[in-house]
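Subject: Handover of a structure and notes on its features

Dear colleague,

Please find below the structure that I am handing over to you. My notes on what was found in it follow directly after.

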Amino acid sequence: MKNIDQNLTPLFDAVKKYIDDEVIPFHVPGHKHGKGIPELMNYLGKRVLNMDVNGMEDLDYFNNPTGVIYESERLLADAFGAQKAFFLVNGTTSGIQAMIMSACKPGDKIIIPRNAHKSVIGGIILSGAVPIYVEPEINEELGIANGITVEKIENTIKSHPNVKALFLINPTYYGFTSDIKTIVEIAHSHDILVLVDEAHGSHMYFHEDFPLTAMKSGADMSTLSMHKTGGSLTQSSVLMMGNTKISPDKVKKTLNLIYTSSASYLLMCSLDVARKHMSIKGRELLENTLQMVRWARDEINKIEGVYAFGKELVGYPGCFNFDETKLGINVRNLGYTGYEMESKLRKEYNIQIELADLNNILAIASIGDVKENFEALINSLKDISDKTKIKPYNKINFLPKYPDSIVSPREAYYMKKKLVKLSDSEGEIAGEIVMAYPPGIPVICIGEIITKEIIDYINILKGENCQLQGTDDPLVDYIKILDIK
């Protein structure tokens with residue numbers, strides 16, 4: 001785009017003017033600039049609640065923008081090298097669902113990595129598309145899923161010639177990326193649309209040392225969680241269109257089906273300012289972040305019993321490239337599970353990491369970090385190591401094999417179900433999702449066969465007090481199955 005000044009923040013400026021003008025609010029929200037909820041206003045400050053406004057002519061309308069929101073979205077598209085961009089206030093979940101619903105109609109086939117986020121299953125149910133799952137590569141030493149290989153994508157396309165779309169993750173929660181450019185080229189050569197989940201990759205657009213992004217690879221659509229790594233407020237995300245193979249009007253209408261008509265101006269202003277911040281200062285800030293996290297990774301790898309994995313894994317199956325801001329640390333040789341280490345760091349050292357699994361913890365580095373944060377983590381791990389007798393940990397050597405899908409998620413969603421004991425569910429068809437959260441990747445999806453391996457794995461996660469979600473029974477002693485007998 002020509003004549004785009006990334007220093008501008010049209011929406012943020014309009015909201016500031018509304019506040020400065022001291023407009024008398026005979027409009028929602030009902031707290032009326034915080035006066036109706038003084039306890040919250042006293043804690044947050046008057047300015048924050050003054051910004052909590054609603055659509056009007058000078059502030060534009062979220063569902064059909066023609067003014068300052070429209071101009072801010074134009075700046076957003078330019079910053080990410082996209083043809084069209086949309087603000088999202090329902091998180092990247094709404095963006096993923098909108099991509100699938102815009103690309104696929106009921107019955108269309110879509111290729112999906114089996115380690116995709118739960119929101120993808122929601123998009124499948126809403127769209128009526130038929131998922132063709134591809135198993136990611138597994139790093140058995142770390143016990144985590146990597147990316148998808150080019151070969152698996154090629155073989156899947158050959159086996160399913162009428163595929164409409166392909167869904168990719170760039171990067172995974174742990175930082176691994178696939179050869180996205182080659183995969184996009186292969187997909188496009190078969191007239192397959194490419195949709196990309198970049199929930200953990202919004203920062204990758206602003207520094208050359210990061211893996212290739214969806215827009216630069218030629219993908220058709222991408223959705224990004226600016227709140228995760230780009231500096232905006234939680235729940236604020238963006239949807240990018242790399243071209244117009246899918247009509248922007250269709251995408252807009254799809255979004256209007258699934259997201260609110262009362263968008264938070266706090267969230268949208270945070271996107272406006274975060275986009276400016278990353279466009280103008282992003283490279284400088286990310287260079288500093290990279291220098292700190294590289295130093296931290298080196299220091300952690302000097303500690304006995306822990307392993308902070310990184311770019312040395314590039315070239316292994318499913319790891320074409322790696323996002324260095326994902327500071328994954330294997331702790332199995334200290335004799336701890338990741339869940340135990342997460343708890344120990346929080347309760348004894350006042351450090352909260354992003355997620356844990358059976359063998360690892362994951363710390364996220366971002367533009368908001370300072371060196372003192374990394375020093376605290378390093379010193380805590382050193383202290384734990386010094387107090388621990390190093391011993392090989394009897395780790396889970398594999399993730400359970402992903403089960404076969406018998407009934408499509410949409411069909412299964414509307415079928416009759418019944419509740420049974422998890423221990424009695426082997427061989428049944430799952431009527432709900434079971435997932436560890438974070439990262440929100442299903443252990444089993446609705447419509448899949450429940451295997452003994454899956455039951456055993458769920459019980460292991462329960463024993464480690466892992467946060468399991470998706471089931472009616474919060475303890476997952478019971479699970480819903482399809483009542484088809």
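I begin with Asp323, which counts as buried at 0% relative accessibility; buried means under 20% relative accessible area, exposed over 50%, and partly exposed in between, with a 1.4 Å probe and protein chains only. The side chain of Asp323 meets that of Lys326 in a salt bridge (2.3 Å, N to O), and Lys326 is likewise buried, with a relative accessible area of 0%. A salt bridge here is a side-chain nitrogen of Lys or Arg within 4 Å of a carboxyl oxygen of Asp or Glu.

Please note that this is a predicted model, in which local features need pLDDT of at least 70 and side-chain atom pairs count only at pLDDT 80 or more, while totals for chains, interfaces and linings use all residues. Residues are numbered from 1 along each chain as its sequence is written, and side-chain values use heavy atoms, with hydrogens and water left out.

Further salt bridges

A search of the whole structure finds 24 salt bridges. One of them links Asp383 with Lys387, whose closest N and O atoms are 3.0 Å apart. Asp383 is partly exposed, at 25% relative accessible area, whereas Lys387 is exposed, at 63%.

Another joins the side chains of Asp456 and Lys452 (2.9 Å, N to O). Both residues lie in helix H16, four residues apart, about one turn of the helix; helices (H or I, at least four residues) and strands (E, at least two) are DSSP runs, numbered from the N terminus. An α-helix has 3.6 residues a turn, so residues three or four places apart point the same way. Asp456 is partly exposed, with a relative accessible area of 35%, and Lys452 is also partly exposed, with 48%.

Helix H13 covers residues 338–349, 12 residues in total, and reaches 15 Å from its first C-alpha to its last. This is close to the 16 Å expected at 1.5 Å a residue, the expected span being 1.5 Å times one less than the number of residues. The buried residues in H13 are Gly338, Tyr339, Met341, Lys344 and Leu345. They pack against strand S14 (355–356), strand S15 (360–364), helix H14 (371–386) and helix H16 (452–463), where contact means heavy atoms within 4.5 Å. After H13 comes Asn350, which has a positive phi, near 60°.

S14 and S15 belong to an open sheet of four strands, in the order S11-S13-S15-S14, with antiparallel pairing. Strand S11 (307–308) and S14 stand at the edges with a single partner strand each, so one side of each has no neighbour in the sheet. Two strands pair if DSSP finds at least two bridges between them. S14 and S15 run antiparallel and are joined by two bridges, and Ala356 stands opposite Ile361 in S15.

Strand S10

Strand S10 (residues 237–241) is largely enclosed by the rest of the structure, because five of its five residues are buried. Ser237, Leu239 and Met241 point one way from S10, while Val238 and Met240 point the other way. Strand S1 (residues 84–88) runs antiparallel to S10 and is joined to it by five bridges; Lys84 has Met241 as its bridge partner in S10. Strand S9 (residues 221–224) also pairs with S10 in the antiparallel sense, over four bridges, and the partner of Thr223 in S10 is Leu239.

Two loop positions

Thr213 is placed in the loop between strand S8 (193–198) and helix H9 (214–217). At 1% relative accessibility, Thr213 counts as buried. Leaving aside residues up to four places away in sequence, Thr213 touches Asn170, Glu198, Met204 and Tyr205.

Ile37 lies in the loop between helix H1 (10–20) and helix H2 (38–44) and is partly exposed, at 36% relative accessible area. Together with Leu40, Tyr43 and Leu44, Ile37 forms a nonpolar patch on the surface, with about 420 Å² of accessible area in total. Such patches are made of residues with over 30% relative accessible area and no salt bridge, like charges being joined within 9 Å and nonpolar side chains (Val, Leu, Ile, Met, Phe, Trp, Tyr) within 5 Å. Accessible areas come from the Shrake-Rupley method with a 1.4 Å probe, and for residues only the protein chains shown count as cover.

With kind regards
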